[in-house]
Amino acid sequence: MGRIPRTENYAIASSMQENQQQPCITCTTFNILAPIYKRLNHEQDQSCRESDYKASWLARNHSILDWLLYERSSIICLQEFWVANEELVNLYEKRLGDAGYINFKLGRTNNRGDGLLMAVQKENFTVLNYKELHFNDCGDRVAQLLHVELAFPFSQYQNSDIRQEILIVNTHLLFPHHSSLCLVRLHQVYKMLQYVESYQKEYQLKPLPIMLCGDWNGSKRGHVYKFLRSQGFVSSYDTAHHYTDADAHKWVSHRNHLGNICAVDFIWLLNPGKYQKLPKTSWSEAVFDMFKCLLRRTSLTESDAFAFLKAENEDCITYYSFCEALQQLNLIGHCHGLGVEETKELWVQADIDGNGGVDYKEFLQIWNPTGSDKKRDDKQNGQQDDEPNEGEVQTIGFRVKNAVLFPSEVEKGRWPEDYSLSDHARLTVVFSPIRMP
């Protein structure tokens, strides 16, 4: 089940080894579809799950491990890892451990059964720290943070004081079963970036390269994608293939339970010194963007939207009318919505002059924002800065050398019917070090 001919194995391995004259690291992210969620096509029992058939889930996971160990990525990040099944956990820990990996697993809260697994090669990394983040929300989602140091010196950095450390995050965001959960997913990313920021402050770390891996359950058209882009992160796969933010249709990585195919699996990269807003600023802008998208569904013009928002018998939007609108749009007033303080922070951003009301001129600045932040070119997603002068070197960053999705059909926006390893594609990215100021 899920085994691929050796010829295709060789083709993928060759692709990942291109341009690797200097030492590189590889990173793989893969949602391996927990057997408790994998539906089997039994005509008489539509609720039948693979977890009821040991031979089936055991064979499939052996095939997954065959792939992972053949590819031997430096970093492996798995989602929907069946943490509740001791036999499966032991299988992964033994086979990965025997292959020289250090493993870290984390189950979702409230005993949901599945969770995350991170594995890094001992020969490539020294583990400096490992942290777990529980979002404690309706989705019981979690994230892992791994702080590692490259154990082997890159040839051009020998006999130097360059920091060779990386922060790696693995997560699996909530699926947006209905519109109100889009805000929850955005909140999960916000919490995660806040946690990374606080971790660096707690340990007094200078800026380090950050890799965010996982199943983001949202496409390049979504608010989570835009939020991460506003923070300076680049999609490694898109960078490798010179795709812009507009190229949402070029590839897919998942066929969901509704039968839709979409691109949801990413390895995000943020190098030290890259453009980066405060997470709080990006969060407010992302919520406003969601707010505007909801308004645009019912309002064709700016004036229509302003009329919807402004207070009765007033010529401006007041805090009260603003909150009423948020409630009508299902952004507040329920357990998944914005809190009181978050709503107030959003209002402060809307009320630019702080006089307690938003007139039409102020509203247009929110509706059609301009400025350097909004004018950043999408070309950032495919460009890498030149290396600094020798005397300025303090730490390393990474350049994306290559990125491959498997099965290969997904790279052309198609989902192969004969693929049975998971309902997600596997993404592997090759990174080479660059010197950062």
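This report walks through the salt bridges, cysteines and a charged surface patch of a predicted model.

## Salt bridges

Run a search over the whole structure and you get 14 salt bridges. One of them pairs Arg95 with Asp66, with the closest N and O atoms 2.8 Å apart. Arg95 sits in helix α3 (residues 86–98) and Asp66 in helix α2 (residues 54–71), so this contact ties together parts that are 29 residues apart in sequence. Both ends get some solvent: Arg95 is partly exposed at 22% relative accessible area, and Asp66 is partly exposed at 26%.

Glu417 and Arg255 make another salt bridge, their closest N and O atoms being 3.0 Å apart. Here Glu417 is in the loop between β15 (395–406) and β16 (426–436), while Arg255 belongs to strand β10 (residues 254–255), so the pair links parts 162 residues apart in sequence. Glu417 is exposed at 63% relative accessibility, whereas Arg255 is partly exposed at 27%. Then there's Asp114 with Arg108, again with closest N and O atoms 3.0 Å apart; both of these residues are buried.

## Cysteines

Cys213 is buried, at 0% relative accessibility. Cys323 is buried too, with a relative accessible area of 16%.

## A negative patch

On the surface, Glu314, Asp315, Asp353 and Asp359 gather into a patch of negative charge. Glu314 is found in the loop between α8 (302–309) and β13 (317–318), and at 39% relative accessibility it counts as partly exposed.

Note on methods:
Residues numbered from 1 in each chain as written. Predicted model: local features only at pLDDT ≥ 70, side-chain atom pairs only at ≥ 80, totals over all residues. Heavy atoms only, no water. Patch = residues over 30% accessible without salt bridge, like charges linked within 9 Å, V, L, I, M, F, W, Y side chains within 5 Å. Areas by Shrake-Rupley, 256 points an atom, 1.4 Å probe, with all protein chains shown as cover. Salt bridge = Lys/Arg side-chain N within 4 Å of Asp/Glu carboxyl O. Lys, Arg positive; Asp, Glu negative; His and termini not counted. Charge placed at Lys NZ, Arg CZ, Asp CG, Glu CD. Helix = DSSP H or I, 4+ residues; strand = E, 2+ residues; numbered from the N terminus. Buried < 20%, exposed > 50% of the residue type's maximum accessible area, 1.4 Å probe, protein only.
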